[in-house]
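Subject: Model for you to look over

Hello,

Here is the model I promised. Please open it alongside this note; my findings follow below.

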Amino acid sequence: MQNILDFTLEELQLWMKSKGQPAFRAKQIFDWIYNKGIFDFNKMTNLPKAMIESLNEELIINIPQVVDKFISKQDDTIKFLMSLHDGNLIESVVMKYSHGNSICISTQIGCRMGCKFCASTIDGMVRNLSSGEIISQILLAQSVLGERISNIVLMGSGEPLDNYENVKKFLYLVNAPYSLNIGQRHITLSTCGIVPNIVDLANEDMQITLAISLHAPNDFIRKQSMPIANKYSISELLGACKYYVDKTNRRITFEYALINGFNDGIKEAEELSKLLKGLLCHVNLIPVNEIKERDFKKSKLENINKFKECLESKGIPTTIRREMGSDINAACGQLRRSYIEKNS
Ligand code: SAH
């Protein structure tokens with residue numbers, strides 16, 4: 001059966017047409033799903049009985065099941081472990097801010113990028129998520145919370161640009177007025193840097209924020225922690241970033257996970273500032289989350305602050321990421337892994 005969440009409005013209208021039904025039914029159904037949060041055709045009271053029957057026979061509204069839910073005592077961050085129709089597990093995290101609810105969602109089951117500090121990639125990639133599976137994480141979280149989600153970050157498990165077509169479809173779908181109508185400026189896509197797809201994304205002319213997982217000021221250091229650096233040099237990556245800025249006029253975020261003694265010295269901060277000079281960007285420093293499978297250690301607070309000061313003194317706007325939900329394993333892939341380990 002096809003997942004109706006994988007359909008755009010146009011696709012559902014075509015489906016209706018193929019059944020000899022009027023196109024306006026498609027909009028009614030989407031209104032139930034995306035506005036009213038109703039995930040059962042039988043409850044769509046403005047549809048004819050016969051149509052409900054044929055919907056039930058041929059389409060499914062594939063909402064994941066909540067396997068587990070953790071609420072941080074520190075900051076109300078909620079972490080969901082969700083199970084998909086085929087039993088695969090994914091994680092999503094809702095963060096509550098004064099400006100609204102933000103959700104961090106996954107784009108793949110596992111990941112094949114192999115970054116050394118990341119828990120999502122340890123067992124490799126199982127499969128891509130469909131656009132409907134990506135959006136369903138938001139639908140489920142909204143329905144559990146009973147609150148609207150207004151910001152999305154594609155920073156959960158998986159590499160969004162390694163699942164490019166589905167992610168692109170998701171970006172259009174989630175922004176569409178007939179769907180969740182979330183503004184592109186409220187969406188951030190984080191990538192380890194798949195250069196041709198960054199260029200492609202720039203050509204889509206969307207207003208989303210691009211975040212680049214840079215994590216190093218030169219190829220030598222980057223290659224030691226991120227295999228993708230063997231494929232694309234930092235210079236190629238920054239070329240694509242510049243193209244993105246020129247096309248979209250959007251400020252790029254560079255994520256930089258600070259690892260003690262590895263990439264967190266003043267020398268690296270200076271090198272980074274030279275690299276980014278003149279580009280419309282800002283740097284988000286992330287004290288690395290220590291994961292038990294790896295021996296990377298978090299930078300010392302003193303070094304984190306020095307790193308930030310150095311970048312700022314060279315004119316690079318810099319923030320230090322607030323560590324949210326650290327009491328509930330809210331970092332990428334940690335929850336799914338610990339669950340799979342426990343149950344195998
Ligand atoms: N694959 C995408 C998005 C997922 S990861 C990407 O690489 O950007 C989201 C961010 O968390 C990335 O910047 C990633 O490098 C970072 N990250 C992964 N593991 C981390 C850890 N243990 N500590 C801090 N940041 C981590």
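The expected span of a helix is 1.5 Å times one less than its number of residues. Helices (H or I, at least four residues) and strands (E, at least two) are DSSP runs, numbered from the N terminus.

The model is predicted: local features need pLDDT of at least 70, side-chain atom pairs count only at pLDDT 80 or more, and totals for chains, interfaces and linings use all residues. Residues are numbered from 1 along each chain as its sequence is written, and side-chain values use heavy atoms, with hydrogens and water left out.

Helix 11 comes first. It has 13 residues (301-313) and should span 18 Å; its end C-alpha atoms are 18 Å apart, which agrees. Ile304, Phe307, Cys310 and Leu311 of helix 11 are buried (under 20% relative accessible area; exposed is over 50%, partly exposed in between; 1.4 Å probe, protein chains only). These buried residues fall within an arc of 130° seen down the axis, so they line one face of the helix. The arc is taken from the directions from the helix axis to the C-beta atoms. The face turned away carries exposed Leu301, Glu302, Glu309 and Ser313. After helix 11 comes Gly315, with a positive phi near 85°.

Gly158 sits in the loop between strand 9 and helix 5 and is buried at 15%. Leu214 lies in the loop between strand 11 and helix 7 and is buried at 0%.

Best wishes
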